[in-house]
Amino acid sequence: MADAVLDGDRDAFRILVEREQGVVYRACLRIMGRPHDAEDVAQESFVIAYRSLGSWRGDGPLGAWLLRIATRQAFRRLGQRRDAVELSPDLPIGAPRSDPLAATLAGERQRSVRLAVAALGEPYREVVALRFFGELTLDEIASVTQRPLNTVKTHLRRGLERLRGTLAAEATP
Amino acid sequence: MSRRDFDPSELGGEPLDREAADELQRYARLADGDASPAFADRVMAAVEQAPPPRRGFLAWLRLPSAGPMRGLAQAVVLAGALALMAGGMLAAGELARWLRGSNLGGSPSPAPSESFVPSPSVSPEGSASDDPASPSESEPEASPQPSGSVPGSASANPSAVGSAASSPSETPDDSGSPDESETATPSQTETPEPTPSATPTQSP
């Protein structure tokens, strides 16, 4: 499919978009926290991938490469958004709308999780995001990041340990 | 790609405290959904305005041969690249060997030249100094001059002293540490950096 796109077949790229848009959008949503922002970042990521398709090595799934672009772009956009003044707090995703208190608490907790992941240092943040937000296997992460599988496991373990410390500190009043 | 729940056995080894993993799983289940139906159209509209992708070297090599000439061309270019790489490595090896040789005064490469150069002056002296036991022609190779000329070669070649002082700082560079620092940094050449110019088109 990548070769067809490189040969100028845009319909092939449309097939790729339709095939991967769900997982790319969800990964962006889990990082950004807002559906509208997630769509924007997902769209940017597809355009970046289209322009950079010639540099794709072909080792590992193309979807995993797309997800790596999307997570990087989402974290970048999230950083820019946090630099700006947020006029409206994040709306909780999937929280019961009938219970305002539960919705508020759920929104706060979701925000804590998102920001804790975003605050992780690299390479832990990337591995955690690709595994839990992008739903990639560790083998796929090792392939797309070109790191040994054991290194990826170590990064994920350390990332989860750091995340647990951050979340525990947030939960403590 | 289907949803893949996290299983701590993926990590192997010692047991993992699942608290953070469970929290992430819960959050991922909540933050679920699909893009809007017009998402693909928006992406394709943005792609229409983007410059077409250019095939990089690696992608070009990945290309399935559409014809015999293309396959042949790929093989030729690949062979050329390999030859260039091999030539570069050989040249680097030669350079390293030359540097190493110039740093050590007693190394084998300068010694024959030192023993060879004084040989014309030595053999006439030997013949003139009533030493019949010394062979006239084969003496340059067998003479003890090389051992005696080692200090001389070091002093006769002052540039070698200066370069020898720098050799200890060069050798550790060859053994770079291959571990965490390298694996931790993803390659920037193949994975594109996001550029802010890819602005999304506004949905109606």
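Tutor: Two residues are in contact if their C-beta atoms, placed from the backbone, lie within 7 Å. This is a predicted model, in which local features need pLDDT of at least 70 and side-chain atom pairs count only at pLDDT 80 or more, while totals for chains, interfaces and linings use all residues. Residues are numbered from 1 along each chain as its sequence is written, and chains are lettered from A in the order in which they are written.

Student: Among contacts in chain B between residues at least 6 apart in sequence, what percentage join residues at least 24 apart?

Tutor: Chain B comprises 10 helices and zero strands (DSSP runs numbered from the N terminus: helices H or I of at least four residues, strands E of at least two). Its elements follow one another as α-α-α-α-α-α-α-α-α-α. Of its contacts between residues at least 6 apart, those joining residues at least 24 apart make up 56%.

Student: What percentage of the residues of chain A count as buried?

Tutor: Chain A has eight helices and zero strands, in the order α-α-α-α-α-α-α-α. Among its contacts with a separation of 6 or more, 63% link residues 24 or more positions apart. A residue is buried if 20 or more other C-beta atoms lie within 10 Å of its own, exposed if 12 or fewer, and partly exposed in between. In chain B, 12% of the 204 residues are buried; for the 173 residues of chain A, the value is 48%.

Student: Which helix supplies the largest share of the side of chain B that touches chain A?

Tutor: The interface joins 54 residues of chain B to 63 residues of chain A. On the chain B side, helix H1 (19–30), helix H2 (39–49), helix H3 (57–62) and helix H10 (180–184) each contribute at least two residues. The largest share, nine residues, comes from H1(B).

Student: Which exposed residues does the face of H2(B) turned away from its buried side carry?

Tutor: In H2(B), the buried residues are Phe39(B), Ala40(B), Arg42(B), Val43(B) and Val47(B). They lie on the same side of H2(B) because they cover an arc of only 160 degrees around the axis, taken from the directions from the helix axis to the C-beta atoms. An α-helix has 3.6 residues a turn, so residues three or four places apart point the same way. The face turned away from that side carries the exposed Glu48(B) and Gln49(B).

Student: Which residues of H2(B) make the contact with H3(A)?

Tutor: The buried residues of H2(B) pack against helix H2 (10–32) and helix H3 (35–51) of chain A. H3(A) and H2(B) pack at about 45 degrees, with axes 9 Å apart; axes are lines fitted to C-alpha atoms over the stretch in contact, and angles run from 0 to 180 degrees between N-to-C directions. H3(A) contributes Glu39(A), Gln43(A), Phe46(A), Val47(A) and Tyr50(A) to this contact. The partners from H2(B) are Phe39(B), Arg42(B), Val43(B), Ala46(B) and Val47(B).

Student: What is the distance in space between Ser52(A) and Leu6(A), C-alpha to C-alpha?

Tutor: Ser52(A) belongs to the loop between H3 and helix H4 (62–83) of chain A. Ser52(A) counts as buried because it has 20 C-beta neighbours inside 10 Å. Ser52(A) and Leu6(A) are 46 residues apart in sequence, and their C-alpha to C-alpha distance is 9.9 Å.
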